[in-house]
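Hi everyone, thanks for coming. I'd like to take a few minutes to walk you through a structure that may be new to you. Have a look at it first.

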Amino acid sequence: MKIPHDSAHTHVSGTSEYIDDRAAHFDEVFIGVVFSTEPHAKILSIDSSKLEKHPDFITLFTYKDLSHNKWGSIFQDQPLIAEEIVQFVGEPVVLIASRDRFSVEALKKLVTIKYQPLKPILSIDDAIKANSYIGDERTIQSGDCEAALQKCDHLISGSVVIRGADHFYLESQAAVAYPLEDNQIEIHSSSQHSVEVQHIVAHALGLDSKDVVCIVKRIGGAFGGKESQAAPFAAFASLVAHKLKRPARLILTKDDDMIMTGKRNPFQNEYVAGFNRDGKIVALKVKLRSDGGAYADLSTAIMERAMLHCDNAYFIPNMLIQGRVCKTHFHPHTAFRGFGGPQAVATIEKIIEQIAKHLDKDPLEIRKTNVYQGNNNVTHYGQPVENNVLPELFDKLETDSDYWNRRKIIKAHNSNRKWNEPLLGLSLTAVKFGISFTTRFLNQGNALVLIHRDGTVQVSTGATEMGQGVNTRIAQLVSEALGISILNTRVMPTRTDKNANTSPTAASAGTDLNGSAAVIATNKIKFRLAQVARNLFVTDPALYASKTGGLGTQAEVEVTELPHQTNPNKEVDTFGIEFKNGKVTDSKTKKSISFESLINEAYLNRVSLSDYGFYRVADLGFNKLTGKGQAFLYFTNGTAVNEVSVSPINGEVKILRTDILMDLGRPINKGLDLGQVTGGFIQGAGWVTTENLYYDSKGKLLSHSPSTYKIPNIQDTPREFNVNLLENLGNDKNVRGTKAVGEPPLLLSIGVWTAVNDAISHLPEYEKKYPSIQLPATAEVCLRAIQPDLFKTVGANK
Amino acid sequence: MKSRDYVFFYLNGKPYEVRGSDVFLPLADYLRVRARLTGTKIVCAEGDCGACSVLRGTSGSSEALEPINSCIATVGILDGYHLITVDALVENETLSPIQKQMIECNGGQCGFCTPGFVVALTGLAEKKCKEGCKSLSVQDVKNALTGNLCRCTGYQPIIDAGVGIDLKSYSSISKRFITNESEKALHLSKKSPIELTANGRKWFSPTSVSEVSKLLKKYPGSRILSGGTDLGVQINKGKTLPEIVIDLHLVRELHEISIKKNRVRIGARVSLSTLRRKLETESKDFSSFLDIFASPQIKNMASIVGNLANASPIGDTLPFLLVSETTVFVASSGGKRSISIDKLWTGYRQLSLKKNEWITHIEFSIPGKSDFVKLYKSSQRKDLDISAVNAAFWVSMNSSKKSANTSRLAFGGVGATPIRALKTEKALNSQSLVDFNKQELLDTLQKDISPLSDLRGSSEFRRVLGHQFLRDYLDQVRKLQ
């Protein structure tokens with residue numbers, strides 16, 4: 001049965017509530033954030049004299065008003081509000097409280113901050129020169145890479161420039177805080193990590209966690225951009241509410257959001273690959289350098305995932321991966337769908353295309369030679385690739401997409417083309433994405449399941465709903481376990497007073513962690529309910545508790561508890577009693593009672609109808625110091641064929657056709673999963689083509705709104721877009737055999753970029769060398785690669 | 001006619017009189033904060049994402065309901081219209097067929113853009129129903145949704161939803177909101193001009209050309225407001241806050257459009273959508289060019305005269321107007337005169353108008369059988385993006401097609417104003433169309449243009465684009481022979 005997103009009907013009617021849709025209290029204040037206009041400078045003075053004359057001005061706040069100013073998800077190195085020094089354009093300096101939301105922008109302009117500029121670092125190269133890093137260099141290696149490089153038939157080397165991207169969630173950072181009695185705070189935040197918001201707010205205000213409740217009803221898009229970076233804005237709203245004892249609202253404009261918040265980490269990677277004449281890669285050395293921006297944020301964890309994904313779908317026996325995060329004076333870069341994985345996978349997929357060029361073979365042959373298969377199935381960090389469907393994904397898509405025939409047609413087109421006719425390119429790439437947080441302790445989740453007396457169910461978890469449909473999937477899991485209609489189950493807003501110590505909804509693991517916990521909680525209740533039913537089926541209905549009117553004439557049903565469970569896939573023994581279609585039935589006697597009636601009887605027998613489930617992912621063991629171990633519970637896999645055209649007139653890239661084949665295990669909700677695939681893919685397609693973060697010489701982002709920052713438009717979707725799933729019932733490690741889907745499809749868009757390279761490499765000047773264009777392949781980048789001579793002659797005119 | 005001090009419109013079928021400083025608010029803010037209709041979302045506040053889309057119905061017109069961007073539409077310019085927001089699309093607790101389709105195809109994920117898509121798709125269904133269409137093609141859906149950004153779905157589910165709308169069983173929503181009573185009330189109200197003052201700011205909506213000129217003389221430095229798609233952005237982004245606004249929408253003659261022989265005459269308030277509809281058969285190239293220029297929401301508001309008066313070096317209609325012998329008609333309290341478009345722009349966003357003059361209408365030529373016209377545009381993203389370089393080329397051939405009677409080559413994005421490549425034109429006019437020296441023409445072009453570098457492209461990129469556009473055009477000219 002097709003089950004839509006649980007908010008689908010309120011989304012389409014405009015009644016879904018987001019932070020700024022909350023009705024304003026009569027005494028609510030609106031917050032403006034004045035941020036640094038310098039990338040690196042000493043603050044000399046803050047002049048607010050003009051501001052104080054404005055009738056809507058209430059008061060302002062600086063770092064001095066906070067009990068604790070430092071925060072950070074991994075290292076607590078970042079001030080919520082700048083103190084003496086600013087380190088990026090967009091760093092908060094002053095908060096203004098305004099009476100009127102429509103006056104905030106005018107009020108912000110009335111503050112004058114004087115700076116003494118310091119030397120900024122505004123590129124990875126400059127950071128390397130200045131020895132400016134966040135954390136140490138890390139190494140993950142297998143075999144003996146240096147020795148293998150000496151022995152192989154061929155060597156290639158090179159570098160790749162991969163630039164960042166803005167999340168462009170439609171709902172900009174938003175929070176509204178309500179002061180409660182006894183110095184408590186209720187903070188509503190558009191955050192992927194309710195518990196981190198709770199902790200950061202409490203710490204910043206000098207409160208205890210018990211005094212702060214963070215509530216996340218839903219998020220208008222996040223993509224990683226609200227994993228860590230929602231918290232400061234929640235802290236600002238909480239500070240103002242706490243100090244003024246009035247509700248306080250902070251809604252960033254899209255422009256301010258894009259200037260202030262971090263992006264996907266740019267990377268500059270250098271590599272040497274050794275391979276044999278048959279295309280088998282025997283050794284790979286990659287040095288990854290990312291731009292972390294001004295503060296650590298999540299960049300070191302992102303680098304770790306990048307290092308773990310340098311193999312992608314390919315078995316390379318000798319690998320030496322080194323990674324280090326550079327500290328610059330840009331906004332602190334952060335999580336973004338894929339979390340370093342895409343930057344690593346782009347590197348290895350490019351290397352493969354370059355090897356193919358070197359050997360004059362088709363890149364698909366090289367990929368098939370190297371894909372994890374048979375005994376070639378252990379990653380460079382020592383984890384075996386189990387339930388490996390990668391060879392099948394390659395073979396099936398190769399056939400289904402008619403790869404070789406199209407390759408022939410494209411070759412013929414490109415060699416007979418007139419100068420102004422488009423260049424065509426084709427590329428089949430893959431993804432093997434590790435599912436689990438690489439930081440082990442994050443791989444836990446908890447859930448609270450409440451069954452009410454009418455038989456309807458409320459579920460609360462730490463998962464935040466940002467469009468991905470985690471609430472729908474959790475509702476499905478719980479409803480299926482209880483055999484009731486999904487319409488009788490509601491997943492509630494995420495609240496830290498219901499679910500504590502939860503992990504961010506990230507790493508594609510929202511359903512895995514929280515759905516598992518919800519199933520475990522539900523099973524505990526179900527075990528008790530089965531015992532009640534078993535008892536009722538041998539009792540005269542006239543003597544049911546509901547019929548004896550609370551007289552206490554009958555003995556109560558005594559139930560025992562389900563032994564502790566950690567595996568959501570373990571069937572609960574219900575004594576032959578089935579929960580199905582809203583009925584509870586003894587499979588032998590066929591005696592039956594409605595779920596609703598059973599619930600009422602259970603209540604009257606003083607049987608608990610609520611429970612709490614805790615889930616921890618088993619068997620994880622990645623040792624960060626040795627770089628070895630079981631980093632992931634399993635892998636989500638996929639392949640894609642992308643065909644593009646590149647205009648030799650203006651460098652414009654069009655995606656002509658995309659064929660995607662993914663292994664998502666056994667989907668809980670296929671419709672929602674397919675939406676993640678098309679959405680992730682198109683989001684990635686923007687990153688690799690038109691999305692251009694353009695900074696001025698002072699490190700200020702100039703492309704800070706959709707008029708200048710171009711995410712894909714509906715016209716940019718592939719002319720032909722085929723998405724299919726491979727049937728794979730073998731992922732018994734995860735709840736219901738499903739696989740996480742959030743991030744992996746984004747990485748298939750890398751094939752758009754390699755296809756652009758492929759198109760350009762058909763030009764005579766690229767007969768021997770791979771084009772090696774940067775990512776994103778913007779129109780200007782492409783035209784420069786296609787018409788290098790024109791840029792030298794025509795372009796040089798003054 | 002006695003003036004009034006309020007703006008009058010019907011919102012979701014109910015009459016609203018808006019007074020005071022709320023008249024200067026963006027409609028989206030008014031809807032969300034004042035009317036508490038929060039289904040309409042604000043994301044970019046610059047008309048580029050469509051989350052704020054609402055439907056606008058023109059009173060006294062047979063045109064279908066059209067989507068507009070409420071974030072950049074000032075409340076004042078909506079006087080006299082019917083407005084319908086997403087909040088009103090559910091009828092008697094039943095979802096509309098479009099809403100059902102969006103659910104069926106998983107068209108929404110995070111939901112923030114969804115109301116805008118639902119409104120834009122409703123606009124499409126209303127329009128196509130009126131045209132008697134029975135189904136929607138993929139291209140119909142894509143074109144109607146060019147102005148709506150979604151970051152979650154990858155659009156495919158939304159395309160599927162749109163294509164699946166069954167127009168045969170679709171019944172227009174307009175009769176639910178537009179009644180004889182509301183039409184009458186709006187008609188009556190539109191006859192009286194608006195004059196209001198709030199917090200020191202003044203709003204005027206006069207009803208005649210002479211009144212506009214009089215006000216402009218009385219209040220020098222006031223801002224003329226036509227479709228307002230640029231001014232709305234500038235206000236939202238804190239770049240300007242006009243003290244005195246003279247809004248043109250109640251001046252009936254400024255809404256007029258006519259074609260006589262090959263000359264098109266367009267009033268200052270004619271929207272790009274109206275223009276496109278009118279020119280569909282007359283000038284295919286220009287009207288299909290309008291398809292990649294801006295979004296339906298913008299084109300339903302923006303005027304071509306506004307594009308011209310805004311004088312941006314990269315205004316997308318401007319190269320075409322430069323090559324199509326455009327005459328600009330201006331008025332002031334001192335009288336009327338006309339200016340050739342070649343003399344209109346004097347510098348970056350500067351016009352050669354005298355003090356208190358304003359543009360009432362323009363006239364331009366549409367290409368005839370012996371004219372070969374091509375339009376070019378290059379931007380980071382093909383659709384709904386500001387150009388790095390745009391161009392329009394027009395060659396009128398003599399009857400033998402051997403040589404050009406005249407050629408006009410215009411570029412945008414290669415200098416402070418849109419320009420004609422006069423040296424190149426001269427060189428082309430002096431050569432035969434059969435064996436002109438292409439390289440020489442291309443070299444000459446580089447002397448005509450002087451682009452700068454900015455976030456849309458480097459100066460080298462722009463020079464190469466100009467070169468490539470002309471090269472492509474000249475190849476096609478040669479093929480004509």
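This is a predicted model: local features need pLDDT of at least 70, side-chain atom pairs count only at pLDDT 80 or more; totals for chains, interfaces and linings use all residues.

In what order do its strands come? Reading across, we have β21-β20-β19-β26 of chain A. That makes 4 strands in an open sheet, and the pairing is mixed. At the edges stand β21, covering 489–491, and β26, covering 610–616 of chain A. Each of these has a single partner strand, so one side of each is left without a neighbour in the sheet. As you go from one strand to the next, the twist averages 20°.

Let's zoom in on one pair. Strand β19 of chain A, residues 444–451, runs antiparallel to β26(A), and 7 bridges join them.

Now over to chain B. How many helices and strands does chain B have? There are 17 helices and 20 strands. The radius of gyration of chain B is 23 Å, close to the 23 Å that the globule rule gives for 481 residues, so chain B is as compact as a globular protein of that length. Its C-alpha trace spans about 70 × 55 × 40 Å along the principal axes.

And inside? Of the 481 residues in chain B, 58% are buried. Looking at chain B contacts with a separation of 6 or more, 69% come from residues 24 or more positions apart.

Definitions and conventions. Residues are numbered from 1 along each chain as its sequence is written. Chains are lettered from A and ligands numbered from 1 in the order in which they are written. Two strands pair if DSSP finds at least two bridges between them. Helices (H or I, at least four residues) and strands (E, at least two) are DSSP runs, numbered from the N terminus. Axes are lines fitted to C-alpha atoms, for helices over the stretch in contact, and angles run from 0 to 180 degrees between N-to-C directions. The radius of gyration is taken over C-alpha atoms; the globule rule is 2.2 Å times the number of residues to the power 0.38. A residue is buried if 20 or more other C-beta atoms lie within 10 Å of its own, exposed if 12 or fewer, and partly exposed in between; C-beta atoms are placed from the backbone. Two residues are in contact if their C-beta atoms, placed from the backbone, lie within 7 Å.
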